[in-house]
Amino acid sequence: MNRSHDDYVDTPIGILMLSFNEKFELVSAIFPKDEITLPVANGLGSVKIQRVKKQFEEYFNGTRKTFDIPLSPEGTEFQKKVWTELLNIPYGETTTYQQMANKLGDPKVIRAAASANGKNPISIVIPCHRVIGSDGSLTGYAGGLHRKKWLLEHESPSPQQSLF
């Protein structure tokens with residue numbers, strides 16, 4: 001990965017680590033496997049990084065539904081095709097892995113599409129959490145199913161009702 005800058009956002013579901021390349025394009029946004037403590041802000045950091053962090057904060061406080069962030073995820077051509085398709089899932093809506101495979105043009109690529117979905121390096125912005133099982137079940141999320149459930153409920157048009 002061509003990372004040159006890292007920063008962190010404290011969210012209601014854990015600390016999100018943001019990695020940027022030298023052009024300040026977002027390369028990854030992940031929840032680290034091990035719990036970490038939010039580093040003390042040093043006041044440094046690009047205006048571009050601060051803009052990205054602000055968009056995440058707005059998303060988590062409920063005032064942002066779409067992101068306007070330059071992205072540069074690293075992956076295979078097929079993975080990038082899947083991630084591009086994920087960007088078409090509107091806020092507050094879900095799709096299934098089978099529907100994703102169909103949109104990619106081949107219902108037989110369901111497993112490959114699910115695998116690419118699981119390797120999405122930019123969670124939330126590339127909304128892999130919006131993909132669920134054909135039976136409506138929560139299946140797989142690199143950040144943990146508890147986070148996927150939280151994100152889907154956060155985006156639900158009826159936040160007082162639990163989706164799951």
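Mentor: Two strands pair if DSSP finds at least two bridges between them. Strands themselves are DSSP runs of E with at least two residues, helices are runs of H or I with at least four residues, and both are numbered from the N terminus. The model is predicted, so local features need pLDDT of at least 70 and side-chain atom pairs count only at pLDDT 80 or more, whereas totals for chains, interfaces and linings use all residues. Residues are numbered from 1 along each chain as its sequence is written, and side-chain values use heavy atoms, with hydrogens and water left out.

Trainee: How do you know that strand 2 and strand 3 pair?

Mentor: Between them there are 4 bridges, in the antiparallel sense, and the definition asks for at least two. They form a hairpin with 5 residues between them, and Phe-24 in the turn has a positive phi of about 65 degrees. Phe-20 stands opposite Leu-26 in strand 3.

Trainee: What joins strand 1 to strand 2?

Mentor: There are 7 bridges between strand 1 and strand 2 (residues 14-20), which run antiparallel. A hairpin of 2 residues connects the two strands, and Asp-10 stands opposite Ile-15 in strand 2.

Trainee: What makes strand 1 and strand 3 edge strands?

Mentor: The 3 strands form an open antiparallel sheet in the order 1-2-3. Strand 1 (5-11) and strand 3 each pair on one side only.

Trainee: Why is Ser-46 called buried?

Mentor: Its relative accessible area is 16%, and the limit is under 20%; Ser-46 is therefore buried. Ser-46 lies in the loop between strand 3 (26-30) and helix 1 (47-60).

Methods. Buried < 20%, exposed > 50% of the residue type's maximum accessible area, 1.4 Å probe, protein only.
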